[in-house]
Amino acid sequence: MDFKNKVVVVTGGASGIGLACCREFARCRASVALVDRDEKSGRRAVQELRRAGRKAEFFDFDVSKRAQVGAGVAGIVKKFGGIDVLVSNAGIQRYASATTCTEAEWDLVLKVNLKSAFLMSKYVIPAMIKRGGGAIVITGSVQSVAAVANSVHYVVSKHGLLGLARSLALDFARHNIRANCVMPGAIDTPMLRWAVSLGPDPAGALTFCDRMHLRGKMGRPEEVARVIVFLASDLASFITGAAVAVDGGMMVPAGGLATQEGGLPGAKS
Ligand SMILES: NC(=O)c1ccc[n+]([C@@H]2O[C@H](COP(=O)([O-])OP(=O)(O)OC[C@H]3O[C@@H](n4cnc5c(N)ncnc54)[C@H](O)[C@@H]3O)[C@@H](O)[C@H]2O)c1
């Protein structure tokens, strides 16, 4: 996969899956626009890429705010001359049910996880059309098609992202733009480490995360990034509007892997 002369925008590029995407795209010779609101980590990541001889630039903005996205995308186009690939990946994790979730938390999660991807698409797509086409990859989750307990706003935001990918695929196919949604399982990133630290037994929670997958280990950020790079590449020219699970088989066992292991007598081999 060769992204020479291609400009790739990655939101949430300073950490976890987004950072792994920046590294993989840069390795494939892309010019990388790393977008994040974490200035320190963003600048550190760009320095790392440049030290390896890659082309990368940090853009410090909040993808959930319309004015910042408009100005930020204009800045990327000015710097690189256009945009070919958008990876809408920035997101946050929160826990609540419909009765415990405050309106403020609901609005925050929907804004950061879902509205951000709409705003980025709104401003990036005209730049892609000028280049004759492009590819969009949105980081959804297994929670784009399934639900985890006590995560109502997160689940709804991730379901919405799959709908957004499908709508973009449909509306902009005639402009030679493809849009797809990747659905990772549990991936070992700072977000996941934060989530497991909320409970009384972080080590036990990590083991639980491992056991959710058929191989008994959670995913690494680069295992998701490689699929995102593939979907953004010409090798994936016939894939659009797709929900692509990158979940180590997490969703294969009906009732969950743990249920299978301790399952009904007839299910034991
Ligand atoms: N880690 C997992 O297990 C997992 C599983 C499925 C899906 N995902 C999704 O993958 C994506 C990346 O998650 P991660 O685990 O790498 O998380 P992470 O916390 O390691 O990285 C997220 C990055 O997004 C940035 N960000 C957050 N809000 C932003 C905003 N408003 N504007 C600009 N930047 C912002 C953060 O500063 C951070 O650098 C998220 O959308 C997440 O929901 C993660």
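Visitor: Why are H4 and H5 called roughly parallel to each other?

Guide: In this predicted model, the axes of helix H4, residues 103-131, and helix H5, residues 152-172, cross at roughly 15° and come within 9 Å. Angles under 35 degrees count as roughly parallel, and H4 and H5 are therefore described in that way.

Visitor: Which residues make the contact between H4 and H5?

Guide: On the side of H4 they include Trp106, Leu110, Leu114, Phe118 and Ile125, while H5 contributes, among others, Tyr154, Leu161, Leu164, Leu168 and Phe172. Sorted by kind, the residues of this contact divide into 12 nonpolar, 5 polar and 2 charged.

Visitor: Which residues touch the most other members of the largest nonpolar core?

Guide: That core has 76 residues, and those touching the most other members are Val8, Val9, Cys22, Val32, Leu34 and Ile228. The largest share of the core, 10 residues, comes from H4. As for Val9, if residues up to four places away in sequence are not counted, Val9 touches Ala33, Val35, Ile76, Ile83, Val85, Leu86, Val87 and Val124.

Visitor: What makes Leu214 partly exposed?

Guide: Leu214 has 15 other C-beta atoms within 10 Å, whereas a buried residue needs 20 or more and an exposed one has 12 or fewer, so Leu214 falls in between and is called partly exposed. Its place is in the loop between helix H7 (202-211) and helix H8 (221-232). The C-alpha atoms of Leu214 and Asp247 are separated by 9.1 Å, although these residues are 33 residues apart along the chain.

Definitions and conventions. Residues are numbered from 1 along each chain as its sequence is written. This is a predicted model: local features need pLDDT of at least 70, side-chain atom pairs count only at pLDDT 80 or more; totals for chains, interfaces and linings use all residues. Axes are lines fitted to C-alpha atoms, for helices over the stretch in contact, and angles run from 0 to 180 degrees between N-to-C directions. Helices (H or I, at least four residues) and strands (E, at least two) are DSSP runs, numbered from the N terminus. Angles under 35 degrees count as roughly parallel, over 145 as roughly antiparallel, 65 to 115 as roughly perpendicular and the rest as oblique. Two residues are in contact if their C-beta atoms, placed from the backbone, lie within 7 Å. Ala, Val, Leu, Ile, Met, Phe, Trp, Tyr, Cys and Pro count as nonpolar, Asp, Glu, Lys and Arg as charged, and the others, Gly among them, as polar. A nonpolar core is a set of buried Ala, Val, Leu, Ile, Met, Phe, Trp, Tyr and Cys residues joined through C-beta atoms within 7 Å.
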